[in-house]
Amino acid sequence: MTTKIYIPRDAAALALGADKVAKAMEDAIALRGLDVTIVRNGSRGLHWLEPMVEVETSEGRIAYGPVKARDVVSLLDAGLVSGGDHALCLGKTEDIPFLKQQTRLTFARCGVIDPLSLDDYRSHGGLRGLENAIALDSAAIVAQVTESGLRGRGGAGFPTGIKWKTVLEAAGARKYIVCNADEGDSGTFADRMIMEGDPFVLIEGMAISGIATGATKGFIYTRSEYPHAIATMAKAIEIARAAGVLGQSVLGSGRAFDMEVRTGAGAYVCGEETALLNSLEGKRGIVRAKPPLPAHKGLFDCPTVINNVISLASVPIIMDKGAAFYRDFGMGRSRGTIPIQIAGNVKHAGLFETAFGLALGEIIDHIGGGTASGRPVKAVQVGGPLGAYFPRALFDTPFDYEAFAAKDGLIGHAGIVVFDDTADMLKQARFAMEFCAIESCGKCTPCRIGSTRGVEVADKIAAGIEPEKNRELLADLCNTMKFGSLCALGGFTPYPVVSAMTHFPDDFKPAPLVEAAE
Ligand SMILES: Cc1cc2nc3c(=O)[nH]c(=O)nc-3n(C[C@H](O)[C@H](O)[C@H](O)COP(=O)(O)O)c2cc1C
Ligand code: SF4
């Protein structure tokens with residue numbers, strides 16, 4: 001029987017040499033005349049083990065990693081094809097603690113299947129959600145999504161079902177589904193991993209969304225920095241169309257839905273939904289004032305659902321297993337699972353999907369294994385560049401929208417960036433202001449001017465110029481930006497700044513003169 005060897009084609013694995021490993025494996029297999037097929041899968045999300053090679057055996061899949069091209073010969077000598085022992089052997093993939101502790105609903109197939117095999121997708125539960133959806137009327141689909149408790153994974157945590165209901169009830173000759181795949185937050189990669197590792201789940205989620213709201217056309221908006229995701233998604237759409245999953249009659253239902261990928265140049269603000277719509281329409285990526293909401297007047301002034309990749313990719317499992325199944329995971333008003341992305345100075349970086357409610361400290365210390373540098377963790381920034389810095393004292397905070405908000409933080413797209421005790425939080429606060437100044441769309445004054453003034457004030461504090469007065473000025477400026485900005489870019493930049501000032505006040509004091517003189 002032909003043995004399957006899996007070598008990821010995910011961008012993270014490619015960056016670490018997966019193509020070279022695949023080529024070396026191909027050559028060595030041919031030389032030895034082995035009956036082996038190489039499958040280029042997505043990533044399992046254990047970044048420190050990439051490229052992680054797996055072999056299918058009668059016992060299940062056995063993993064090896066991180067594998068370099070030069071390891072291939074010794075791996076084959078050690079009996080890789082039958083799961084033989086080797087210094088790089090990690091045992092059964094499913095038993096690796098980082099994976100074993102996860103609850104993979106949205107990412108159930110990611111890294112498991114061949115991303116571009118619709119048969120593989122189907123045989124792992126794919127399309128069951130869409131099949132169930134086409135048997136229902138639109139309102140019933142929307143009701144299921146609402147009951148599941150799914151909230152937008154792009155940042156704001158808005159209930160997905162309510163958004164869909166608004167679009168369903170809005171009048172419009174045409175309606176659109178726009179998938180926000182801009183993924184601009186620091187330390188995030190979940191959207192990319194889905195697009196590269198399980199593209200059909202996003203297609204299925206968008207098709208369900210279309211049928212639920214009466215939209216017949218969908219766009220995935222992503223950035224040019226994601227060439228592998230773009231290529232995989234475009235190919236998957238072609239395959240889905242040829243198989244009748246997309247087109248005039250989705251799975252023979254008589255209901256139409258088709259979609260395409262559109263690429264932006266990569267500006268942080270183009271992830272904001274109204275700037276994204278402008279960019280998609282070929283205009284400059286500038287934020288639109290709301291109202292009107294995109295659900296009423298969105299793309300080309302038509303009612304539009306805008307959802308993040310993970311929100312849409314979580315819908316098929318809800319429609320497959322039911323709202324109650326999904327809602328049973330999580331805590332409080334944060335239902336289901338969340339793919340946490342652990343990055344920065346951390347030993348075990350990667351994607352960890354789990355039910356809401358895990359304590360932040362558990363994620364950093366136990367799952368992430370502490371810092372890569374081996375030094376103490378000083379701070380973590382949760383929720384991208386607009387997220388607050390949390391000190392160890394807040395590590396008991398459960399991963400939950402409301403719990404984070406209660407501590408002046410946010411979950412955002414669930415990216416966590418870890419910093420050790422060498423981090424200078426004044427520099428991080430300055431960086432937040434600088435980032436805002438560079439990425440500001442320029443439409444409103446608090447953000448456009450305030451961020452530049454913020455950089456100047458931070459520089460004065462660092463230089464020891466009237467530190468007390470300038471700290472007050474920085475806090476005042478943050479207040480103006482928070483309450484006076486048109487969108488969350490200017491409105492949330494104060495979160496990293498104020499949290500850094502609140503939790504790390506020593507970093508905002510000029511060094512004592514004796515030390516400066518030394
Ligand atoms: C400056 C800025 C950048 C954003 N970037 C993204 C992004 O990259 N991806 C995303 O899904 N949402 C992003 N958002 C949030 C979107 O505006 C919007 O809330 C989201 O796409 C809605 O989808 P959801 O309900 O599924 O989360 C951003 C918001 C702001 C203010
Ligand atoms: S807050 Fe900044 S990015 Fe948002 S509309 Fe105002 S200037 Fe543009």
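A polar contact is a pair of N or O atoms within 3.5 Å; within protein, one atom must be able to donate a hydrogen and the other to accept it, and residues adjacent in sequence count only if both atoms are side-chain atoms. The model is predicted, local features need pLDDT of at least 70, and side-chain atom pairs count only at pLDDT 80 or more. Residues are numbered from 1 along each chain as its sequence is written.

**Exercise 1.** Identify which residues come nearest to ligand 1, and state the polar contacts of Arg-153, Asn-180 and Asn-308.

*Solution.* 
1. Around ligand 1 there are 19 residues (a heavy atom within 4 Å). Gly-154, Asn-180, Asn-307, Asn-308 and Ser-311 come nearest.
2. Asn-180 places a polar side-chain atom 2.9 Å from a ligand oxygen atom.
3. For Asn-308, a backbone N or O atom lies 2.8 Å from an oxygen atom of ligand 1, and for Arg-153 the corresponding distance is 3.4 Å.

**Exercise 2.** Classify the packing of helix H18 against helix H22 and describe the contact.

*Solution.* 
1. Axes are lines fitted to C-alpha atoms over the stretch in contact, and angles run from 0 to 180 degrees between N-to-C directions.
2. H18 is therefore roughly antiparallel to H22 (angles over 145 degrees).
3. Met-425, Ala-429, Ala-432 and Met-433 of H18 meet Pro-496, Val-497 and Ala-500 of H22 (heavy atoms within 4.5 Å).

Technical notes: Chains are lettered from A and ligands numbered from 1 in the order in which they are written. Side-chain values use heavy atoms; hydrogens and water are left out. Helices (H or I, at least four residues) and strands (E, at least two) are DSSP runs, numbered from the N terminus. Angles under 35 degrees count as roughly parallel, over 145 as roughly antiparallel, 65 to 115 as roughly perpendicular and the rest as oblique.
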